[in-house]
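Q: I'd like a close look at one part of this model, taken slowly. Here is what I'm looking at.

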Amino acid sequence: MKQLLQNARTGEMKLEDVPAPALQPGGVIVRNHYSLVSAGTERTTLTFARQSLVGKARSRPDLVRQVMSRVRTDGLIPTYKAAMQRLNTFTPLGYSSAGEVLEVGEYVDGLAVGDMVACAGGGYASHAEVVYVPRNLVAKLPQGVSPRQGAFATLGAIALQGIRRAELTPGERVAVIGLGLIGQLTVQVLRAYGFPVMGLDVNPGQ
């Protein structure tokens, strides 16, 4: 099957023929009909990967702390080798897709072969022809919702979580700052709720 992969050290991306994922208990195998490109997230991933090691360290001090912690426990050379091995690995891109269930693993309820589902999760709902996804990251598409629409489910959930965290009450007016893909979805959900919405973005291209 085909899958889009990226090298974490150089940022190189390539479409590779790879083995299809194996079915595991507690999950399903899905043939993707659509996988969604989250431009902001994936552009950030690409930009980070193309930075030098110093640039990576400056932009991700949390990873530097993890490396230093491992140096203290495992030593400098083993930690360096492990870090270089990880950076030279090609990893899958994508985290939101939709398609048809091909196989259902043990302990999975509520799904059957042939169901159309939305899939979520980095490392699972990737840009690939076939994916394995744990049951808690799969939702059956309602009648009338196409896989193309269902591929937006993960980003829609992110937008909805932001709205819930805002703890809005009826009658309030809402400003959405940042009109990228998730910002646009947030505006649409708020309008569906009936809130007066104003969208703002410092980037005129949005």
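This is a predicted model: local features need pLDDT of at least 70, side-chain atom pairs count only at pLDDT 80 or more; totals for chains, interfaces and linings use all residues.

A: Residues are numbered from 1 along each chain as its sequence is written, and side-chain values use heavy atoms, with hydrogens and water left out.

Phenylalanine 152 counts as partly exposed because its relative accessibility is 32%; the class runs between buried (under 20% relative accessible area) and exposed (over 50%), with a 1.4 Å probe and protein chains only. Helices here are DSSP runs of H or I with at least four residues, strands are E runs of at least two, and both are numbered from the N terminus.

Setting aside neighbours within four places in sequence, phenylalanine 152 touches Leu36, Ser96, Leu181 and Leu185, where contact means heavy atoms within 4.5 Å. Alanine 98 sits 54 residues away along the chain, yet its C-alpha is 8.4 Å from that of phenylalanine 152.

Now for strand E5 (residues 96-104): it runs antiparallel to strand E3 (residues 27-35), joined by seven bridges. Pairing takes at least two DSSP bridges between two strands. Valine 30 has valine 101 in E5 as its bridge partner. E5 also pairs with strand E6 (residues 116-120), again antiparallel, over five bridges, and there glutamate 100 stands opposite methionine 116.
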